[in-house]
Structure formats: structure tokens, C-alpha cells
Amino acid sequence: MYGNEHGAESLSHSVKIRLATNRDAPLIKQLVFSVLTEFGLTPDPEGLDEDLNDVESTYLASGGLFEVVESGDGAIVGTAGLVIRTDGKAELRKMYLRKDFRGRGLGRILLERMLNHARAKGVRVVELETNSSLQSAVRLYRAYGFELVNRAPISWRCDQVYQLSLRPLDQNLPNQ
């Protein structure tokens with residue numbers, strides 16, 4: 001773990017991970033929409049992406065988490081969210097990194113933080129929907145033990161559903 005999951009955390013001199021607030025919404029949307037567009041996916045501010053208008057209610061009020069990766073100049077260069085559902089499951093959402101911040105291990109750190117938060121909240125299963133064009137993300141999820149689920153995604157933008165049964169912390173390490 002990389003420190004206090006709810007406070008600002010400096011990972012290096014160039015980035016830090018911190019809890020998102022509604023004040024971050026414009027910058028979060030800018031990042032998410034640019035990554036979606038980069039991969040040929042359509043942003044949907046009034047539908048699928050409406051949750052970004054109020055991260056505090058959508059994510060934090062349920063006991064979930066929404067964090068941003070902030071660069072040294074204050075730009076939001078990464079996001080990850082976890083919604084805790086009432087059925088004992090959680091959904092990983094909006095995990096994106098700006099192109100020039102990929103390949104630095106930040107996706108792995110964000111994923112570990114989301115999974116650790118889910119464990120701390122008693123979640124037994126984490127689900128996610130994604131698009132197969134996000135190949136690096138899919139490889140990361142599979143390395144952490146997420147398995148493809150044979151059901152149609154709820155989101156029209158996604159074509160794959162994955163699920164991870166949470167085990168004790170030391171048993172969810174990526175396959176090396």
C-alpha cells in the first residue's frame with residue numbers, strides 16, 4: 001500500500017494520488033473524455049459518464065472511493081473509482097491514465113488501492129466493464145486475476161465484463 005488511502009500521497013516528485021472532490025469534475029471529465037476519444041470511444045456526459053458530475057455522491061457516499069493522479073503542475077493525469085454496491089460487490093470504474101503517464105506503474109498502483117479499499121469495506125467481488133480496445137488495461141486486470149464473465153455489459157460502450165473474487169491481500173498478487 002502507498003500510504004493513507006484518503007489523503008494526498010506523493011509517489012515521486014512528479015505525481016501524487018489524492019481523493020477526488022466535486023471541484024475536480026471539470027478536469028476529471030477532460031481527462032476521461034480525452035482518453036475515450038483516443039481509443040475511438042464516445043464520451044457520454046449525460047449518460048454513462050454522468051457519475052463524473054458528482055463523484056462525492058456517486059462514489060464516496062456509498063463507502064466507495066474515487067482518486068485522481070495529479071502531476072506536479074496540478075493537472076489530473078489519472079483517475080480510478082470504486083462504487084460499493086448493496087449486494088456485497090463493488091464496481092471498478094473510470095480507471096484512465098493520460099497517454100504520457102502510462103507505462104510507469106501508475107495503473108497497477110491505482111488498481112491495488114481500489115482493491116485494498118474494497119477489501120477494507122468487506123467486498124468479496126469486484127466487477128468491471130471495459131472495451132477490448134483498452135488492451136493494456138485488460139492485460140493488467142487479467143494479471144490481477146480478473147476473469148472474463150459470460151454476460152453482456154450494461155454499458156453500450158463496453159464489450160467485456162470481468163470479475164475478481166477477493167481473497168486475502170497476499171493472494172491477489174499479479175501473475176509474474
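Which side chain meets that of Arg 102 in a salt bridge? The legends below treat this pair and other details of a predicted model.

**View 1. A salt bridge joins the side chains of Arg 102 and Glu 38.** The N to O distance of this pair is 2.8 Å. Arg 102 is partly exposed, at a relative accessible area of 28%. Glu 38 is also partly exposed, at 38% relative accessibility.

**View 2. Asp 51 and Arg 93 meet through their side chains in a salt bridge.** Here the N to O distance is 3.7 Å. Asp 51 lies in the loop between α1 and α2 (55-60), while Arg 93 lies in strand β5; the two are 42 residues apart. Asp 51 has a relative accessibility of 8% and counts as buried, whereas Arg 93, at 25%, counts as partly exposed. Both residues belong to a network of salt bridges that also takes in Asp 49, Glu 91, Lys 94 and Arg 157. The whole structure holds 15 salt bridges.

**View 3. Asp 87 forms a salt bridge with Arg 85.** The closest N and O atoms of this pair are 3.1 Å apart. Asp 87 is partly exposed, with a relative accessible area of 46%. Arg 85 is partly exposed as well, at 27%.

**View 4. The largest nonpolar core contains 31 residues.** The residues with the most contacts inside this core are Val 69, Leu 92, Met 95, Leu 111, Leu 115, Val 126 and Phe 146. At least two core residues come from each of β2 (15-19), β3 (65-71), β4 (76-84), β5, α3, β6, α4 and β8. The greatest contribution, 7 residues, is that of α3. Leaving aside residues up to four places away in sequence, Leu 115 touches Val 126, Tyr 144, Phe 146, Leu 164 and Leu 166. A second, separate core has 17 residues, among them Ala 20, Val 68, Ile 76 and Leu 134.

**View 5. Helix α4 (residues 135-143) has Val 138, Leu 140, Tyr 141 and Ala 143 as its buried residues.** These buried residues pack against β5 (89-97), α3 (106-120), β6 (125-130) and β8 (160-165). Just after the helix, Gly 145 adopts a positive phi of about 100 degrees.

View 6. Strand β5 supplies the largest share, 6 residues. By class, the lining has 12 nonpolar, 3 polar and 9 charged residues.

**View 7. The second largest pocket holds about 410 Å³ of space.** Of its 18 lining residues, Leu 97, Arg 102, Gly 107, Ser 136 and Ala 137 lie nearest the centre. Two or more lining residues come from each of β5, α3 and α4. Helix α4 gives the most, with 5 residues. The lining divides into 10 nonpolar, 5 polar and 3 charged residues. Arg 102, one of the residues nearest the centre of this pocket, is the partner of Glu 38 in the salt bridge of View 1.

Conventions
Residues are numbered from 1 along each chain as its sequence is written. This is a predicted model: local features need pLDDT of at least 70, side-chain atom pairs count only at pLDDT 80 or more; totals for chains, interfaces and linings use all residues. Side-chain values use heavy atoms; hydrogens and water are left out. Buried means under 20% relative accessible area, exposed over 50%, partly exposed in between (1.4 Å probe, protein chains only). Helices (H or I, at least four residues) and strands (E, at least two) are DSSP runs, numbered from the N terminus. Contact means heavy atoms within 4.5 Å. A salt bridge is a side-chain nitrogen of Lys or Arg within 4 Å of a carboxyl oxygen of Asp or Glu. A nonpolar core is a set of buried Ala, Val, Leu, Ile, Met, Phe, Trp, Tyr and Cys residues joined through side-chain atoms within 4.5 Å. Ala, Val, Leu, Ile, Met, Phe, Trp, Tyr, Cys and Pro count as nonpolar, Asp, Glu, Lys and Arg as charged, and the others, Gly among them, as polar. On a 1 Å grid over the protein atoms alone, a cavity is a set of points where a 1.4 Å probe fits but cannot get out, and a pocket is an open set with protein on both sides within 12 Å along at least five of seven lines; lining residues have an atom within 4 Å of a point. Grid points are joined across faces, edges and corners, and a volume is the space filled by probe spheres set on the points.
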